[in-house]
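Reader: Can you walk me through this one? Keep it brisk.

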Amino acid sequence: MTGSIAPRTEIRLAGEGGQGMILAGIILAEAAAIYDGKMAVQTQSYGPEARGGASKSEVVISAGEIDHPEVLSADVVVTLSQEAFDKYASTVKPGGLLIVDDDNVRSIDVPEAVKIPIGRLALHTTGKSITANTVALGVLVGLTGVVSREAIEKAVTARAPRGTEEMNRQALQAGFTAAEQVREGGSK
Amino acid sequence: MSIKLMQGNDAIGWGAIAAGCRFYAGYPITPSTEVAEILSRELPKVGGKFIQMEDEIASMAAIIGASVGGLKSMTATSGPGFSLMQENIGYAAMTEIPCVIVDVQRLGPSTGQPTAASQGDVMQARWGTHGDHPIIALSPTSVRQAFDLTVKAFELSEKYRTPVILLTDEIIGHMREPVDLPDFKTIQLPEYRLTKKDGEYIPYRNEPGDVPPLANFGVGYRYHITALFHDQQGFSTQRVDEIDPWLERFNSKLDKHLDDILMLEEDRMPGAQLAILSYGASARTSRHAMKLARARGQKVDLMTLLTIWPFPEAQVEALGERVDRIIVPEMNLGQLAYEVERMVGRKKVKRVTRANGEMVTPQMVLDALEG
């Protein structure tokens with residue numbers, strides 16, 4: 001308990017209320033804590049409205065004990081809406097990774113941003129734009145390896161409503177593929 | 001069981017079930033609503049009752065009634081609801097009826113900010129209801145502790161016949177962490193009540209430091225309950241010679257049992273002249289800051305209070321004798337710091353406060369350690 005701070009990976013997922021970014025954070029934390037055997041803490045903030053308004057989910061992952069539960073300096077920021085981008089894009093630490101859904105975010109003034117049309121990929125892959133949060137998880141894990149692909153797939157299917165497991169698996173795979181294309185492209 | 005990712009509020013619900021709570025009455029309010037959600041689903045499965053009341057005043061009244069009727073009872077709320085509950089919390093304290101009140105603190109005053117975090121109800125938990133009275137308040141720092149301290153809240157409430165406040169906050173309530181809860185069968189609280197008629201019963205017997213057992217209504221004893229000052233039989237009295245011994249017992253009934261009631265965690269470092277003292281979500285920040293400070297060579301002690309009320313006076317006083325300076329981070333303008341200052345003097349205490357709905361950061365604590 002008196003040890004030093006264990007290295008932390010800090011992830012911030014943001015979108016509009018209703019886009020499922022809080023659920024995405026929960027799934028990511030479950031992948032880390034239940035299936036990869038790491039420590040994880042998930043926190044969230046949202047407006048009082050049930051839909052709309054910027055919604056933010058934070059996940060801290062570490063091999064050791066996690067004390068302060070919130071993101072202090074984000075290694076990764078994912079934004080799925082313009083409002084979320086405007087509010088949180090600047091919170092990624094220098095050298096960190098900013099993933100932007102350029103299908104939903106039109107005005108992107110950060111050259112280092114990794115732009116992937118997450119909303120459109122979701123619609124093309126599953127026919128349902130509400131799977132965008134799962135596609136985003138695929139992109140995130142594909143680009144960072146913060147949890148294993150096996151872990152995130154188990155966590156996604158465990159949380160998917162009955163009968164939608166395959167659809168969510170496909171959405172996740174679409175995210176993995178998009179991440180591979182970015183990596184092969186060699187540039188952000 | 002197995003490892004699950006669980007929210008603090010869910011852990012509170014499960015803690016209540018494990019402790020044997022079989023009655024919940026409440027009025028949902030952010031950020032406590034998950035406690036009501038889980039108990040509305042789970043209580044009926046174990047033969048318990050869940051009632052959504054018309055407001056928080058009625059919710060408190062309902063759990064007091066259910067408790068006298070023989071069921072371990074709980075409600076959950078947040079600041080605005082906690083304010084409404086104060087009158088009946090006083091009733092429960094005065095009539096010595098066990099009950100557990102969960103307050104998931106949000107930013108106040110008044111309606112404030114429903115989804116924003118706060119530790120602004122520290123003093124309200126102690127003095128929110130009028131008149132001198134004993135009260136217990138426990139404050140968890142993790143999801144697992146939210147479970148454990150809920151169980152403990154029921155135990156202390158039954159044992160000392162007092163309302164117990166589980167004083168948590170939006171951060172701990174909504175935070176998800178992996179937990180492996182114990183098998184509920186391993187959690188067996190002793191029975192402190194009279195559950196069958198056996199000889200004479202004096203409901204408010206005044207032996208100093210004593211907690212007379214509560215006889216559940218319906219077991220065969222007829223006695224009177226009133227929140228007026230009452231004699232040993234429970235009937236109202238204005239006689240000072242009856243009020244004085246009652247006052248003496250009532251206001252000292254926790255004092256003889258502080259070893260059982262006061263829970264705190266200490267992480268000491270030989271030669272430390274600095275200490276951080278905190279509770280609830282701010283204790284997580286404090287532990288983080290302590291590690292950073294030690295990594296840069298500072299000798300720092302850490303004290304985390306799990307029991308806030310009664311305030312651990314002797315322990316904080318002893319800390320003040322060991323170190324020169326105590327940093328008190330909290331998400332309010334310095335409520336617990338008042339108590340620390342009372343024990344060690346204002347000059348030794350450095351407040352680190354934030355009351356805008358955001359957590360205190362480790363850097364704020366580090367800066368205070370420097371200053």
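**Chain sizes and folds**

Author: Chain B has a radius of gyration of 21 Å, which agrees with the value near 21 Å for a compact globule of 371 residues. That radius is taken over C-alpha atoms, and the globule rule is 2.2 Å times the number of residues to the power 0.38. This is a predicted model: local features need pLDDT of at least 70, side-chain atom pairs count only at pLDDT 80 or more, and totals for chains, interfaces and linings use all residues. Side-chain values use heavy atoms, without hydrogens and water.

Reader: What box do the C-alpha atoms of chain B fill?
Author: Roughly 65 × 50 × 40 Å, along the principal axes.

Reader: How many helices and strands in chain B?
Author: Chain B has 13 helices and 15 strands. Helices (H or I, at least four residues) and strands (E, at least two) are DSSP runs, numbered from the N terminus.

Reader: And how much of chain B is buried?
Author: 61% of its 371 residues. Buried means under 20% relative accessible area, exposed over 50%, partly exposed in between (1.4 Å probe, protein chains only).

Reader: Switch to chain A. What is its secondary structure?
Author: Six helices and six strands. The order along the sequence is β-α-β-β-β-α-β-β-α-α-α-α. Its radius of gyration is 15 Å, close to the 16 Å from the globule rule for 188 residues, so chain A is as compact as a globular protein of that length.

Reader: What percentage of chain A counts as buried?
Author: 55% of the 188 residues.

Reader: Where is E16(A)?
Author: In strand β1 of chain A, residues 8–16. E16(A) is partly exposed, at 39% relative accessible area.

Terms used: Residues numbered from 1 in each chain as written. Chains lettered and ligands numbered in written order.
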